[in-house]
Amino acid sequence: MIDIKLIREKTEFIKQRLASRHGGDESRIDEILALDEQRRKGLARAEALKAERNRASKEIGALMAKKDLAAAEQKKTEVAKIGPEIKALEEEIARIEAARESLMLFLPNLPQESVPVGKSAEDNPVVRVHGGQPEFAFKPKNHIELCESLKLVDFARGAKLSGSGFLLYTNWGARLERALIQFLLDLHTTQHGYTEVSPPLMVGPQCLMGVGQFPKFKDQYYGVAEGDKAGALGKLYLIPTAETPVANIHREEILAEKQLPVRYCAYTPCFRGEAGAAGVGTRGMIRVHQFDKVELIKIVKPEHGADELEQMVANAEKVLQLLGLHYRVVLLCTGDMGFASAKTYDIEVWAPGQGSYLEVSSCSNCEDFQARRMSLRFKSETGENKFPHILNGSGTALARLFVALIETHQQADGSVVVPEPLRAYLKAERISAA
RNA sequence: GGAGAGAUGGCUGAGUGGCCGAAAGCGCAGGUUUGCUAAACCUGUGAACGGGUAACCGUUCCGAGGGUUCGAAUCCCUCUCUCUCCGCCA
């Protein structure tokens, strides 16, 4: 959520930054300001009335203590009419506030000034490239062919169980997936200083609200447990990413400054209902409704946000370097950024069988946008409560990493050589047809 | 799922209609004393929003929401969560 004070004080600046992004909705700013003005006026009036009532009530108490009952009774009748007036006013304020709030929840974050202005993915500058495209003395297979010949994934039966977009990993495929998860968690916990957590896979709507997935993108997520099992939180949702529960761990808390930075990593499956775009990626493992991911989350002091983002990208890149994969890092332009983000780097790994780059990581600094929504603060040394920056990044998404890995390391005989750092986890050096 | 108990400040825990933003203790911060440490003593110590250059002022907050009342931590209703016991269960 954007700071309402900033909207009041730097209205034009906000509008201009919002306009630079896709779906910026800067047209709503004036509406928000009008509601805000009304709310503040109403609040001032209600508070004045309450002050009056409090004063009178105190007097009544004093009169009764002096046994001056007649005077007390008279005072009571005078004050009695203030109550309903306050109530009516408060109901009006609540309506106005709800309207302002719901508009504000639909405003995306402001892009940082360093983010290039652009319309779509085509305007994203490539920041750096690691390695080169591997060359093959034979025609490389794509991952679907490899999965079928090596029996790593049973696409047909996955679809039979749950529909298209769900995968049944089998034998070495399942083991490779598990080995990758273990490898990634060990890397980030032992080498990169993250603390591992394992969160719930179903969360209440306020978690999605907190990170900015609700209310605007509500239809993209799977809901569960409607009806008799819906508890205090209401309906529960399958998490679209570990970011959703993990970033909310400290929701509505005030952390001590010395607790920062907080760095978490978590492995979870991720569930996404987004309809597969027609054509590209509907087959195979590139775009599925359920996939595994190891996620990195940081909560840091605002002045460290920029550095921490660079480090996070480097942590994710390390994964691809260790696995011997060619990749590039792109900086998302204003038009291509996610709703909550102020600055995002994507890491795209090369998949020779596809002949294209696949996004396997997206690292964002959401600044205080999410912290505001979830009311997560820290107390500075001067005693002020401040909003920290919250960062999230994939480290990395699994299904696509799996694709790049087998396509890159495939051999002329149809087998796949396991990269050295993964061998101890997989307990194999090569995956071959049985 | 059944029965009971509870939810108050960083923590423990008093408070059954006005003198309560809330006793007391612990913790924490500052100070006095002291060769150092410790101890003792004194003082202070929640948050949000609004107004003011500021000292400061106003409003709200005792699990959440509603009600009664001139006035609610305190009375009434609903909900949630936690704990204990029983049942069931990976």
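This is a predicted model: local features need pLDDT of at least 70, side-chain atom pairs count only at pLDDT 80 or more; totals for chains, interfaces and linings use all residues.
View 1. Two bridges join strand 3 to strand 5 (residues 236-238) in the antiparallel sense. Here Val-203 stands opposite Tyr-237 of strand 5.

**View 2. Packing of helix 2 against helix 3.** Helix 2 spans residues 11-19 and helix 3 spans residues 29-65. Their axes lie 11 Å apart, at an angle of about 145 degrees. Helix 2 makes the contact through Thr-11, Ile-14, Lys-15 and Leu-18. Helix 3 contributes Ile-29, Asp-30 and Leu-33. By class, these contact residues are four nonpolar, one polar and two charged.

**View 3. The protein surface near RNA strand B.** The protein surface here has nine charged, five nonpolar and four polar residues. Helix 3 gives the most, with 10 residues.

**View 4. Polar atom pairs between the protein and RNA strand B.** A base nitrogen of the RNA lies 3.1 Å from a polar side-chain atom of Glu-47. A polar backbone atom of Ser-57 is 2.8 Å from a base nitrogen. At Asn-385, a side-chain N or O atom is 2.7 Å from a phosphate oxygen. The elements giving two or more residues to this surface are helix 3, helix 4 (69-79) and strand 12 (377-379).

Technical notes. Residues are numbered from 1 along each chain as its sequence is written. Chains are lettered from A and ligands numbered from 1 in the order in which they are written. Side-chain values use heavy atoms; hydrogens and water are left out. Two strands pair if DSSP finds at least two bridges between them. Helices (H or I, at least four residues) and strands (E, at least two) are DSSP runs, numbered from the N terminus. Axes are lines fitted to C-alpha atoms, for helices over the stretch in contact, and angles run from 0 to 180 degrees between N-to-C directions. Contact means heavy atoms within 4.5 Å. Ala, Val, Leu, Ile, Met, Phe, Trp, Tyr, Cys and Pro count as nonpolar, Asp, Glu, Lys and Arg as charged, and the others, Gly among them, as polar. A polar contact is a pair of N or O atoms within 3.5 Å; within protein, one must be able to donate a hydrogen and the other to accept it, and residues adjacent in sequence count only if both atoms are side-chain atoms.
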